[in-house]
Amino acid sequence: MDEITILDARLEPVVRGARLEQLCSGAIWSEGPVWIEEDDSVLWSDIPNNRILRWSQRDGMTVWREGAEFTNGHARDLNGDLLHCSHGLRAIVRTPAGAAGLDASSVDEIVVDRHEGRRLNSPNDLVVRSDGTIWFTDPPYGIMSDREGHKAPSEQRANHVFCYDPMVGRLHAATAVVEEPNGLAFSPDESVLYVSDTSAALRADGGGNRRIVAFDVSGVSLSNFRVVVDVVPGLPDGLRLDNQGWLYTSSADSVQILLPDGTCLGRIAVPEKVGNLTFGGKLRNQLYIAASTSLYRITLNTQGVQRP
């Protein structure tokens, strides 16, 4: 376990016997992995190349979709549809799941692309709550240049965390207190929403935030804002939770494993900068890590929260 640093003895049973594997490489910047249960595969975004990649044990790495409008984060909806955060369309987009599963050639539909009549910035990451509401972050990264989207001015007054209720077609601005919201994830009981603030990402002066914050959740409302942890080195771009409520977050050199109070239990060293991660596998005990050019996997003695 040379690549695993244990800072707290509670982590040892979880990482016992674990080994990091590089599954494939060839991307420019890997982001937004999502586990596709029906065919034991992972889809993830290669944002600057404007494509979605696929990996499976049987097929290796293939291109699932070209011209993907600079998708970033992904999640499965409750009915199995694939939801995308599209920088290019400045929208949450849906690929419907058919009887044979997901088809890259399917015609997508826009779920939501405006708030109060103004275009969204560039949705970054999303999660579906058990009631079907879609929660997503909307920082400006996809409209700041043409590298990961289409350069354009922001039409929003702030960078929001949004909650969209598809049952009534309503988009609710849950909070604007996070300077540049990025990754997000619910606690196992959905009473807490964790959000990463990566406003330090493009700051040349060394300022900005590189932290994970938390809110209490009540319906579509968020309250009791607090800082959980400042992540160094790098940024907490994406995060996921296991079923005991531990956080697994990206950083420049590793996946950091944290308690809900921010205590760092240890780190899984990754040889490339980590973008985002997701749990997968038939037992949800495999952590898939999208890091710069590559996709990695490590099998742990825990399970990710069972949620799209």
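# Chat about strands, rings and salt bridges

Me: Which residues form a nonpolar patch on the surface?
Reply: V177, F225 and V227 do, with about 240 Å² of accessible area together. Patches are made of residues with over 30% relative accessible area and no salt bridge, where like charges are joined within 9 Å and nonpolar side chains (Val, Leu, Ile, Met, Phe, Trp, Tyr) within 5 Å. Areas come from the Shrake-Rupley method with a 1.4 Å probe, and for residues only the protein chains shown count as cover.

Me: Before we go on, what kind of model is this?
Reply: It's a predicted model: local features need pLDDT of at least 70, side-chain atom pairs count only at pLDDT 80 or more, and totals for chains, interfaces and linings use all residues. Residues are numbered from 1 along each chain as its sequence is written, and side-chain values use heavy atoms, with hydrogens and water left out.

Me: Ok. Where does V227 sit?
Reply: In strand β22, residues 221-230. Strands (E, at least two residues) and helices (H or I, at least four) are DSSP runs, numbered from the N terminus. V227 is partly exposed at 39% relative accessible area; buried means under 20%, exposed over 50%, and partly exposed in between (1.4 Å probe, protein chains only).

Me: What does β22 pair with?
Reply: With β21, antiparallel, over seven bridges; two strands pair if DSSP finds at least two bridges between them. I212 stands opposite V229 in β22. The hairpin of β21 and β22 has two residues between the strands, and G219 takes a positive phi near 60 degrees there.

Me: And β21, how many of its residues are buried?
Reply: Six of the eight residues in β21 (211-218) are buried, so the strand is mostly covered. β21 also pairs with strand β20 (192-197) in the antiparallel sense, over six bridges, and L193 has F215 as its bridge partner.

Me: Switching to β16. Which way do its side chains point?
Reply: I134 and F136 point one way, W135 and T137 the other, and all are buried in this strand (134-137).

Me: Which strands does β16 pair with?
Reply: Strand β15 (126-128) pairs with β16 antiparallel over three bridges, and W135 is the bridge partner of V127. Strand β17 (161-165) runs antiparallel to β16 and is joined to it by four bridges, with I134 opposite Y164.

Me: Now rings. How many aromatic pairs are there in the whole structure?
Reply: Six. One of the pairs is F136 with F162, which is tilted, at 5.3 Å centre to centre and 35 degrees between the planes. F136 is in β16 and F162 in β17, 26 residues apart. For the cut-offs: rings of Phe, Tyr and Trp (its six-membered ring) pair if their centres lie within 6.5 Å, and planes under 30 degrees apart count as stacked, over 60 as edge-to-face and the rest as tilted.

Me: Why is the Y248 and F279 pair edge-to-face?
Reply: Because the planes are at 85 degrees, with the ring centres 5.3 Å apart. Y248 lies in strand β24 (247-250) and F279 in strand β27 (274-280), so the pair ties together parts 31 residues apart in sequence.

Me: Salt bridges next. How many does the structure hold?
Reply: There are 20, each being a side-chain nitrogen of Lys or Arg within 4 Å of a carboxyl oxygen of Asp or Glu. D40 forms one with K282, the closest N and O atoms being 3.2 Å apart. D40 is in the loop between β3 and β4, K282 in the loop between β27 and β28, and they are 242 residues apart. D40 is partly exposed at 29%, while K282 is exposed at 70%.

Me: What about R94, which residue does it bridge to?
Reply: D77, with the closest N and O atoms 2.6 Å apart. Both R94 and D77 are buried.

Me: Which residues are linked in a network of salt bridges?
Reply: D39, R54, R58 and D59.
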